[in-house]
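I am opening my notebook to record what I looked up in this model, entry by entry. I want to keep each term together with its cut-offs.

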Amino acid sequence: MNIWFRQHRFALGAAFGQVRKTPGSFLFNVLVVAVALALPFAGVTLLDNVRPMSEQLSVDPEISLFMKTDAPREQAQALAPQLRQILNGSHAKIVFVPREQALENLKAKSGLTDVIETLGDNPLPDSYVMKLEGFTSRTAEAARVEGIAEQMKTLPGVDSVQVDSAWVKRLAALLGVLRLVLLLLAITLGVVVIAVVFNTIRLQVLTQRDEIAVSKLLGATDNFIHRPFYYTGALLGLCAGAVALGAVSLALHPLNAAIAEFARLYASEFQLSALPPLGLAGLLAISAGLGLVGAMLSVQRHLARLN
């Protein structure tokens, strides 16, 4: 075990020694990889901030129930107890809107009083407006509202039922699309990172070709020769990940200044925050892993050619 630790300590020291020999080239490669990582890291940070807000967002959907135009007023008013029974267990405010009041509201909001008066008889039906409280934007909650609406459609004299919470489904669908786009973007840029590290290690292998040949003559194993390059690739990915996270963290300050003005219009104090320590550690591990993969592919290919 001591020999194993000694070998890895030597390989890590050799990797740092290679960095000290060519600091300019290493920093340039770090910047290139950091640029590729910054965009998916920013996307992960944004989704991490939006996810809890979307799950806790109060929806308070409204269900509008419209009676048939030929349904008598008594039948419409008699539906109130049945509606309360369907809404049992839900905090809801039920408001009966007579057809005369609906017509007056339409005149007041549309500004087409003259046009509406030419219609003669009131074409609007009696209706109910039910505002449900305490709902969230989760898909299960939206399905529950849809189920309530379906039960109301079966009541006698009901012509149609409308639910205005369709935007909840749109929000969930939008977040799903953003996650998919972020995943595809991360995969694409991950390939870019591997390619950059692959090329960097390839140049190091070609530069140290004579040293590798001498090491083999002295009995060095392939693992002994490969390890410094592996550590170099992982170190490159780790440093690039740290730079990318630092850039994202710095970008949060001007973004929050702009978001504050927008959020104030909606009486909100929403602010973007950095990822928790566990999330940061995970992204750094992914960055180092991408660098390690690029180094392994490059070393195994080019050292096989040298052999």
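Which residues does N256 touch, not counting residues up to four places away in sequence? I found that N256 touches Q271 and L272, where contact means heavy atoms within 4.5 Å. N256 has its place in helix α10, helices being DSSP runs of H or I with at least four residues, and strands runs of E with at least two, numbered from the N terminus. I noted N256 as buried, at 12% relative accessibility (buried is under 20% relative accessible area, exposed over 50%, and partly exposed in between, with a 1.4 Å probe and protein chains only).

Before going on, I wrote down that this is a predicted model, in which local features need pLDDT of at least 70 and side-chain atom pairs count only at pLDDT 80 or more, while totals for chains, interfaces and linings use all residues. Residues are numbered from 1 along each chain as its sequence is written, and side-chain values use heavy atoms, with hydrogens and water left out.

**F41 and L283**

Leaving aside neighbours within four places in sequence, I found L283 in contact with F41, L245 and L275. L283 lies in helix α11 and is buried, with a relative accessible area of 9%. L283 and F41 are 242 residues apart in sequence, yet 7.7 Å apart in space, C-alpha to C-alpha.

**The aromatic pair**

How many aromatic pairs does a search of the whole structure find? I recorded 1 aromatic pair, counting rings of Phe, Tyr and Trp (its six-membered ring) whose centres lie within 6.5 Å, with planes under 30 degrees apart called stacked, over 60 edge-to-face and the rest tilted. F96 and Y128 form this tilted pair, at 5.0 Å centre to centre and 55 degrees between the planes. F96 lies in strand β2 (residues 91-97) and Y128 in strand β3 (residues 127-133), so the pair ties together parts that are 32 residues apart in sequence. I noted F96 as partly exposed, at 22% relative accessible area, whereas Y128 is buried, at 2%.
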